[in-house]
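Please follow the paragraphs below alongside the sequence and the coordinates. They go through selected residues and their side-chain contacts.

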Amino acid sequence: MALKLPLPTETGGIFFLDSSRGTFQQLKAGFPLKMRKRIGSSRRTCCSMQQGPPPAWPGRAVAESARKSWDGPKPISIVGSTGSIGTQTLDIVAENPDKFRVVALAAGSNVTLLADQVKMFKPQLVAVRNESSIGELKEALADAEHKPEIIPGEQGVIEVARHPDAVTVVTGIVGCAGLKPTVAAIEAGIDIALANKETLIAGGPFVLPLAHKHKVKILPADSEHSAIFQCIQGLPEGALRRIILTASGGAFSQEFKATFLHGVYDRDLPVEKLKEVKVADALKHPNWNMGKKITVDSATLFNKGLEVIEAHYLFGADYDNIEIVIHPQSIIHSMVETQDSSVLAQLGWPDMRLPILYTMSWPQRIYCSEITWPRLNLCKLGSLTFKAPDNVKYPSMDLAYAAGRAGGTMTGVLSAANEKAVEMFINERIGYLDIFKVVELTCDAHRNDLVINPSLEEIIHYDSWARKFAASLQLSSGLSPVPVAVDWPCQPWQPVPERKSGVGRDFRLQGLNGPEYEKPDNSGVGQ
């Protein structure tokens, strides 16, 4: 796959060219980018080959001899303790009380589960993001022997993240809501066990320099980036040549039979059937047990596109050197190729506890019981298969590569628009194919306001903008998101001409039959 970039003096676009067939053919993803003037500044930005932020791990990982020390079990705090990542982290703590102890917990609104966690792990500090749930939590802890300090709202989550006794904070909170707590932890010198993609996808240009300034380690807790991190342990400088991200393919690309649309089908679902996909179908992941949002992301392969961006920020690999391979069995979690063409892979059962454990114990390896951690048996597996991803069926990957190459605030806008689109799909306000369209149109609308080196405030601002813009899009089919009151001036909307030559300003996805989008109704803007 080759890349066509505009000259620095041009107002051009990023387009993907398919070189696999010997001749270049225009693919669909492209964001024409223009220079913008930052408010209150004379600095102008454009899409260029500017040097990006320093990666968390520049192609290699070596443990420092003089790392932080502590007495007894390692003290950790958890942001998002009642979610999937948080509960699995606490499972690890419960199984290894001599290795870890919990000093602070933060949750959203699941007070019942949080109260049980407090009684079992006895943290010093607890936060509930939903302030209206504080009374319910206090009542649930009325008869508890241990009563921690409780701080409500976003400030409470921030205090949990930067608890002075914590050595590592596990960030399991979903979305851009995890950005401020992560920044607070970094400024406090606390290492980050990163399970929140948005921290780097949206905040990479700000977070990475901050982490380097405070000498904080960002340790990836998702399976793919943990696999890469494990593979680069001890590599010499400059040894990394290529990153290969593996993808299960999600609900609609598996090679076995399943019930769908009142019948039986091969999970390698043809493009023409995708418009009939329902929410329940997208939530049937063959290998992993995850939350609804990430499961839908796996079905669209947006999760893999977002992981490409995260891999770029974590390990410093150029986008041309990050590839995606479909691996239905989900046993090889990712691979790296070194300069001498050797390929290193990390294998294991699809179990999120392993990457979480490694972020908590790094650089050590902790013994795990065969009873709760089954050992991998390759003979029972029999075979492992691989194939190239289908970029026509899953345009999310092209969109992610385009946003990543644009850099700056574009990656955060992509992530926020996808999160909003998935929410609307789960609530049955838009169709499955509309997820791709909502994301692409939102990124298209942001191109004139792209900020290459954003501040934290700009990152948060455009995250909010992207969600509102995505929610304002209306479908000519009659389906539409619930109307929202917006307080931002939308980009001037112009009729979108039909693509004829494959080049131009038409950003509607091709090859996916579905309803077109109409101009957002902004008649109430500013009222």
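**Buried positions and salt bridges**

At 15% relative accessibility, I173 counts as buried, where buried means under 20% relative accessible area, exposed over 50%, and partly exposed in between, with a 1.4 Å probe and protein chains only. This is a predicted model, in which local features need pLDDT of at least 70 and side-chain atom pairs count only at pLDDT 80 or more, while totals for chains, interfaces and linings use all residues. Residues are numbered from 1 along each chain as its sequence is written, and side-chain values use heavy atoms, with hydrogens and water left out.

I173 lies in the loop between β10 (168–171) and α5 (179–187); helices (H or I, at least four residues) and strands (E, at least two) are DSSP runs, numbered from the N terminus. Leaving aside residues up to four places away in sequence, I173 touches V79, G80, R129, G178 and N196, a contact being heavy atoms within 4.5 Å. V79 is 94 residues from I173 in sequence, and their C-alpha atoms are 5.9 Å apart.

E224 belongs to helix α8 (residues 223–231). With a relative accessible area of 11%, E224 is buried. Its contacts, again without residues up to four places away in sequence, are L245, T246, K304, E307, H333 and S334. With K304, the side chain of E224 makes a side-chain polar contact of 2.9 Å. A polar contact is a pair of N or O atoms within 3.5 Å; within protein, one must be able to donate a hydrogen and the other to accept it, and residues adjacent in sequence count only if both atoms are side-chain atoms.

The model has 18 salt bridges, each defined as a side-chain nitrogen of Lys or Arg within 4 Å of a carboxyl oxygen of Asp or Glu. One of them joins R162 and E159, at 2.6 Å from N to O. R162 is partly exposed at 33% relative accessible area, and E159 is partly exposed at 22%.

Another pairs E337 with R242, the closest N and O atoms being 2.6 Å apart. This pair links distant parts of the chain, with E337 in strand β17 (residues 332–338) and R242 in strand β13 (residues 240–247), 95 residues apart. E337 is buried at 10% relative accessible area, whereas R242 is partly exposed at 22%.

R447 and D444 also meet in a salt bridge, at 2.1 Å from N to O. Both R447 and D444 are buried. Salt bridges that share partners join K197, E224, K304 and E307 into one network.
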